[in-house]
Amino acid sequence: MELAYLAWIILLGALWGSSFTLIKISVAGMPPFTLGAIRVVLAAIVLWGYLRAKGERIPWSKQLTKHLVFVGIINLGIPFAAIGWGTQYLPSGVVGILNAVMPLMCFILAAISGTEKATWAHLVGVVVGFGGILVLMLPKMGGGEPIAWQGAVAILLASTCYATGTLYIRRHLTGFSPLVGVTGQTIFSSLVLVPLALLEKPWAIDITASAIWIAIILAVVHTALGNLLYYGVIHRYGATRSSFTSYVIPFFSILWGKLFLDEVLGWNAFAALVLIVIGLALVNDMIKFPRRKQPVEIEFSE
């Protein structure tokens with residue numbers, strides 16, 4: 001394995017794994033939808049500026065705008081809202097584990113739509129992965145506290161939206177520059193998050209300065225820079241190898257949660273993570289069932 005490739009995957013995993021910890025800290029001093037709105041608006045400004053600095057532009061058309069609006073809503077708007085809201089009720093490490101099922105959801109949707117062929121190994125991977133979710137949802141978590149099911153449902157909704165957006169991008173936006181796609185979807189994600197933020201009436205709330213700074217970091221570093229780095233890795237190593245970040249992110253989300261929030265997860269969280277990773281490995285053909293050997297025919301001479 002190339003050291004440069006491994007370094008990029010670890011960097012992205014560490015970066016995006018820390019986002020759940022930062023969101024957990026920020027929503028203690030800022031409403032979750034307001035956080036999401038600040039995040040996408042600032043990220044859109046940064047990405048638009050970078051796009052123009054590179055001499056590129058979004059080739060606006062009715063068809064492209066329709067695609068960008070849908071992807072902005074399904075791939076950023078709803079997930080950011082769901083993750084921000086759900087993180088209020090869950091440890092950040094658990095959020096990272098649940099978010100890791102996104103590639104699993106992606107495979108299921110691809111198989112349903114007929115764009116992916118499911119084998120027995122893939123089906124076993126799906127069962128094992130969802131078995132991990134069931135283990136995670138056992139009554140007791142670390143510290144003896146029951147897991148908040150509404151938070152888990154919100155994170156799983158975000159993962160399903162991410163998977164839907166990924167498949168939609170593959171089908172409808174492959175002919176455009178990745179920078180155009182990520183900038184456009186970030187702009188239109190505000191169609192969801194800004195109205196939700198207004199419902200929270202943030203101007204009437206005493207928002208902490210630390211929450212604002214974290215929102216800025218999430219916008220500039222995790223959303224804008226993170227996506228640019230990710231698309232750079234895709235360009236250099238391909239989409240399949242880049243997807244290995246999904247395996248790394250939950251480990252870092254647990255690490256950052258422990259270091260900065262002193263989170264203690266129960267045994268079932270780690271068991272769930274192992275099962276989900278095994279399920280992802282099966283779905284992505286990293287683990288293959290041995291093929292049954294053909295019986296050897298022996299001829300006897302008279």
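This is a predicted model: local features need pLDDT of at least 70, side-chain atom pairs count only at pLDDT 80 or more; totals for chains, interfaces and linings use all residues.

Modeller: Residues are numbered from 1 along each chain as its sequence is written, and side-chain values use heavy atoms, with hydrogens and water left out.

Biologist: How are H5 and H7 oriented to each other?

Modeller: Helices here are DSSP runs of H or I with at least four residues, numbered from the N terminus, and axes are lines fitted to C-alpha atoms over the stretch in contact, with angles from 0 to 180 degrees between N-to-C directions. The axes of H5 (residues 102–113) and H7 (residues 149–172) come within 8 Å and cross at roughly 55 degrees. Angles under 35 degrees count as roughly parallel, over 145 as roughly antiparallel, 65 to 115 as roughly perpendicular and the rest as oblique, so H5 to H7 is oblique.

Biologist: Which helix gives the largest share of the lining of the second largest pocket?

Modeller: A pocket is an open set of points on a 1 Å grid over the protein atoms alone, where a 1.4 Å probe fits, with protein on both sides within 12 Å along at least five of seven lines, and lining residues have an atom within 4 Å of a point. The lining includes Leu-109, Ala-110, Thr-164 and Leu-167, and H5 and H7 each supply at least two of its residues. The largest share, six residues, comes from H7.

Biologist: How are H8 and H10 oriented to each other?

Modeller: The axes of H8 (residues 178–188) and H10 come within 10 Å and cross at roughly 150 degrees. H8 and H10 are therefore roughly antiparallel.

Biologist: Which residues of H10 make the contact with H8?

Modeller: Contact means heavy atoms within 4.5 Å. On the H8 side are Pro-178, Leu-179, Val-182 and Gln-185, and on the H10 side are Asn-227, Leu-228 and Tyr-231.

Biologist: Where is Lys-201 placed, and what is its phi?

Modeller: Most residues other than glycine have a negative phi. Lys-201 lies in the loop between H9 (190–199) and H10 (209–237), and although it is not a glycine, its phi is positive, about 50 degrees.

Biologist: What is the phi of Asp-262?

Modeller: Asp-262 has its place in the loop between H12 (245–261) and H13 (267–283). Asp-262 is not a glycine, yet its phi is positive, at about 55 degrees.
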